[in-house]
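Please follow this explanation with the sequence and the structure side by side.

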Amino acid sequence: IYRLLRRAPDDSGILTRERAAAELADPQSKAPMEPHMTNFLLRLMVRYGLAFDLRSDDEAESPQTEERLLVPQRLPLERPQSVESFWLERDGRPRQGVTRLRYTFSVLPENLVPRFIARRHLLCPSQQWWRRGMVLELGGARALVRADRTARQIEIIVVPPEPPVPF
């Protein structure tokens, strides 16, 4: 499993069964791993919050669709540019009602945010995630969760839903 987690990240973090088998191949013979062993390792990764299936429920039930797992530890380090400003007004001030929380750790585990992404990915319909953060959406509210490894901090910024416009 560590070989699948620690490979150099690509732009997507997506892992297919075929790609996993190739990456788990025996280094000397280059023979791919047995399919049943590859399946077993991928299921372990999902079970322990190291990956999740990107397919919809309908796609997952269809035998024709290829399994695509997202491995958050393989995501790019850089956050999308659109993430940086959703809690700010146009003039750069924080929006009204924004709540900011900051948790400081004596040691920030490397896999804390990737495992959080794997466990809470259903709250991220916009798929705005990167290795050290994600944007959650629920009931019109949005929240940014991000890690700062050098400061050993997790920051959470919550923006309440927009109030309804009166007629």
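**An aromatic pair and its strands**

F52 is buried, with a relative accessible area of 4%; buried means under 20% relative accessible area, exposed over 50%, and partly exposed in between (1.4 Å probe, protein chains only). W129 is buried as well, at 11%. This is a predicted model, in which local features need pLDDT of at least 70, side-chain atom pairs count only at pLDDT 80 or more, and totals for chains, interfaces and linings use all residues. Residues are numbered from 1 along each chain as its sequence is written, and side-chain values use heavy atoms, with hydrogens and water left out.

The structure holds one aromatic pair. F52 and W129 form this pair, edge-to-face, with 5.4 Å centre to centre and 75° between the planes. Rings of Phe, Tyr and Trp (its six-membered ring) pair if their centres lie within 6.5 Å; planes under 30 degrees apart count as stacked, over 60 as edge-to-face and the rest as tilted. F52 lies in strand β2 (residues 52-53) and W129 in strand β5, so the pair ties together parts that are 77 residues apart in sequence. Strands (E, at least two residues) are DSSP runs, numbered from the N terminus.

Strand β5 (residues 129-130) runs antiparallel to strand β6 (residues 133-138), and two bridges join them; strands pair if DSSP finds at least two bridges between them. Two residues separate β5 and β6, which form a hairpin.

β6 also pairs with strand β7 (residues 141-148), in the antiparallel sense and over six bridges. Here V135 stands opposite L144 in β7. The hairpin of β6 and β7 has two residues between the strands, and G139 takes a positive phi near 60° in this hairpin.

Conventions:
Helices (H or I, at least four residues) and strands (E, at least two) are DSSP runs, numbered from the N terminus.
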